[in-house]
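Here are a few notes to read with the model open beside you. Follow them in order and find each part as you go.

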Number of protein chains: 2
Amino acid sequence: MKRPTQVDVARLAGVSRATVSYVVNGLEENLVSEETREKVLKAVETLGYQPDAMAQSLRSGQTNTIGLLIPDMDNPHYWQIAKGVEEVAQQAGFDLLLISAALNVDRETHGVEVLSRRRVDGLILILTFGDKVTDEINKLVRQRKPVVFMSGPTVDVDYVFVHQGEGTRKVIEHLFSLGHHRIGFVYGVATPGLGQDRLAVFRAMTRQIGDDDAPVEHCGTTISDGYQAARKLLERQPHPTALLVINDLLAMGALRAAADLGLNVPGDVSIASFDDISLSVYTQPRLTTVGMDATHIGRTAAQMILNRLYNPRLPQQTAEILSHLFVRDSTGPAPHEE
Amino acid sequence: MKRPTQVDVARLAGVSRATVSYVVNGLEENLVSEETREKVLKAVETLGYQPDAMAQSLRSGQTNTIGLLIPDMDNPHYWQIAKGVEEVAQQAGFDLLLISAALNVDRETHGVEVLSRRRVDGLILILTFGDKVTDEINKLVRQRKPVVFMSGPTVDVDYVFVHQGEGTRKVIEHLFSLGHHRIGFVYGVATPGLGQDRLAVFRAMTRQIGDDDAPVEHCGTTISDGYQAARKLLERQPHPTALLVINDLLAMGALRAAADLGLNVPGDVSIASFDDISLSVYTQPRLTTVGMDATHIGRTAAQMILNRLYNPRLPQQTAEILSHLFVRDSTGPAPHEE
DNA sequence: TTGAAAGCGTTACCAG
DNA sequence: CTGGTAACGCTTTCAA
């Protein structure tokens with residue numbers, strides 16, 4: 001059974017297609033007689049007619065869709081962002097087209113392209129390999145498509161920027177103040193350069209206290225990568241007294257690694273990380289982490305899209321999301337050296 | 001700057017729109033001369049032309065989109081399913097339209113309606129308030145739209161069914177065998193009836209061992225709800241020696257509640273739950289849980305959609321996902337009564 | 001080998 | 001107040 005179209009409704013109601021359109025869209029400001037309206041509505045009802053969004057989009061040039069590209073579906077941090085986007089979008093009557101880059105350059109490029117071809121009304125891009133897709137982005141910008149970038153402004157679009165350098169400073173200072181002078185960094189990023197800001201601060205600050213060669217363990221982005229990397233760091237002799245982990249997800253792995261090695265957290269080793277995913281309050285021990293409300297990031301980004309949609313001539317919008325240091329139970333005084 | 005259309009390309013290349021279409025879609029099986037092809041391709045290049053997916057969809061009746069409705073974006077379990085769906089869909093060239101019902105009847109109904117109006121090629125529905133939307137679903141079915149239901153077959157569609165009763169039996173038996181005779185149930189569901197299968201088994205089995213009034217704490221679906229509920233249960237005198245929790249997410253809260261009350265897990269109280277989200281290996285202690293590979297569920301569902309898309313006359317497809325009991329460290333022998 | 005034209009389901013303009 | 005009609009951008013037959 002094919003789905004009913006406007007024509008079917010018009011025929012059944014004995015009116016023209018235009019009239020159906022008027023009624024369905026509620027533009028009956030004295031345009032359609034009450035009687036006709038009734039007839040049409042009944043026809044709609046009996047046929048179970050629903051306007052075809054595709055056709056509407058083609059006609060109007062609007063898809064009522066916001067495209068969201070995230071790097072990876074395994075990291076709760078991105079879902080939380082997605083959640084924020086979905087919330088705001090849905091409220092405004094937009095749907096969410098979600099694409100995961102699966103931590104892969106080609107998929108990322110392809111994702112942006114797809115979003116563009118599909119004429120989504122706005123794009124929110126969390127790019128991992130940003131530089132590879134600037135061409136595509138520029139095209140979008142030239143078409144005045146609302147785009148929100150979730151990172152530095154390499155190009156002239158709106159963006160939400162999460163200041164990580166500042167947070168890194170705060171958490172490292174926190175560790176210093178607890179007496180930690182041998183800190184290791186679990187640096188699990190999809191692509192080198194992604195966490196550069198944090199790495200740079202880490203390098204600079206550890207060097208400042210005379211630790212010229214603070215160990216940085218590069219690894220992938222899964223929990224298990226975090227586990228492995230932390231384990232490697234903690235098996236050193238002497239092991240670092242504190243671990244800084246690139247994100248909470250990987251910190252879960254690190255926590256596990258410490259436990260498996262018989263190390264007490266924070267007695268033997270302190271662990272701190274980034275993101276403040278909601279779970280971080282529920283780990284054992286609770287994670288000390290530098291984070292921001294990720295859902296809020298998503299909401300902000302979505303709101304920017306909406307703003308620009310409603311008012312295309314808006315000057316560049318930017319938001320800096322502040323991160324806070326949440327001191328919880330996974331960090332404590334450095335153990336005394338024997 | 002408006003985006004270029006087929007007409008622009010045709011004009012620039014000095015050919016007709018049809019020819020452009022042929023070239024772009026690679027249907028040049030001796031249809032277009034090499035020379036023309038070159039010209040068109042160059043024009044496409046200089047203009048940065050991309051076919052409009054909307055228009056293509058309208059013409060072809062295919063949107064290359066799979067709609068996924070999940071109950072809630074806060075629960076990792078659904079994300080893992082979404083991940084599986086996205087994987088398979090993307091591989092087959094389909095995109096994912098994601099809608100969250102946000103644990104709300106109206107949003108759920110509205111979600112199904114949206115998916116239908118948008119003419120997604122297939123729908124995967126994880127319904128919480130199933131019965132409210134059967135009308136809409138039936139409409140879809142009559143249009144021969146591939147639909148996969150993630151729960152019982154209330155209606156004649158394909159479905160993936162996760163057998164929870166069996167798993168519940170297994171985990172409770174596991175607890176019995178450890179000597180637990182006072183088990184509490186943290187029953188956090190969005191709508192009563194959702195976890196009925198598990199609850200029924202729980203009731204039946206506890207009754208069988210003479211515990212006619214095993215405590216069931218109803219609560220919401222957030223970690224914090226799990227925390228509260230577990231806490232309530234554990235503050236009873238005497239407290240249950242084991243807690244069964246409706247899912248891993250809430251179990252994180254339960255773990256935390258135990259810790260906050262100074263109860264050792266599994267020394268003082270055992271905790272077991274459902275889902276086996278990937279994090280459950282990284283909690284402290286590791287969670288004993290009854291679960292299935294959630295990503296696999298998603299993949300299965302997506303595959304069903306694809307099957308039916310390729311072969312619409314397929315008989316009803318069903319898959320039963322088996323759940324396994326993963327015995328880890330959060331369950332242990334019941335403490336001796338003093 | 002290429003071009004003209006119909007049609008997908010809407011909406012919106014302009015007559016009637 | 002209502003109905004015809006022209007787009008929207010594309011694919012696909014049918015002719016040339």
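1. Start with two parts of chain A: the centres of domain 2 and domain 3 of chain A, taken over C-alpha atoms, are separated by 29 Å. Their contact takes 13 residues from domain 2 of chain A and 15 residues from domain 3 of chain A; two residues are in contact if their C-beta atoms, placed from the backbone, lie within 7 Å. On the domain 2 side, helix H5 (residues 76–91) of chain A brings the largest share, three residues. By class, that side has five nonpolar, six polar and two charged residues. Here Ala, Val, Leu, Ile, Met, Phe, Trp, Tyr, Cys and Pro count as nonpolar, Asp, Glu, Lys and Arg as charged, and the others, Gly among them, as polar.

2. A word on the ground rules. This is a predicted model, where local features need pLDDT of at least 70, side-chain atom pairs count only at pLDDT 80 or more, and totals for chains, interfaces and linings use all residues. Residues are numbered from 1 along each chain as its sequence is written, while chains are lettered from A and ligands numbered from 1 in the order in which they are written.

3. The domain assignment of chain A lists domain 1 (6–51), domain 2 (62–163 + 294–323) and domain 3 (165–291). Such bounds come from an automatic or database domain assignment.

4. Now look at helix H8 (residues 164–177) of chain A. Helices (H or I, at least four residues) and strands (E, at least two) are DSSP runs, numbered from the N terminus. Which residues of H8(A) are buried? They are A:Gly167, A:Thr168, A:Val171, A:Ile172 and A:Leu175. The face turned away from them carries the exposed A:Glu173 and A:Ser177. Buried means 20 or more other C-beta atoms within 10 Å of a residue's own, exposed 12 or fewer, and partly exposed in between, with C-beta atoms placed from the backbone.

5. Just after H8(A), check A:Gly179, which takes a positive phi of about 95°.
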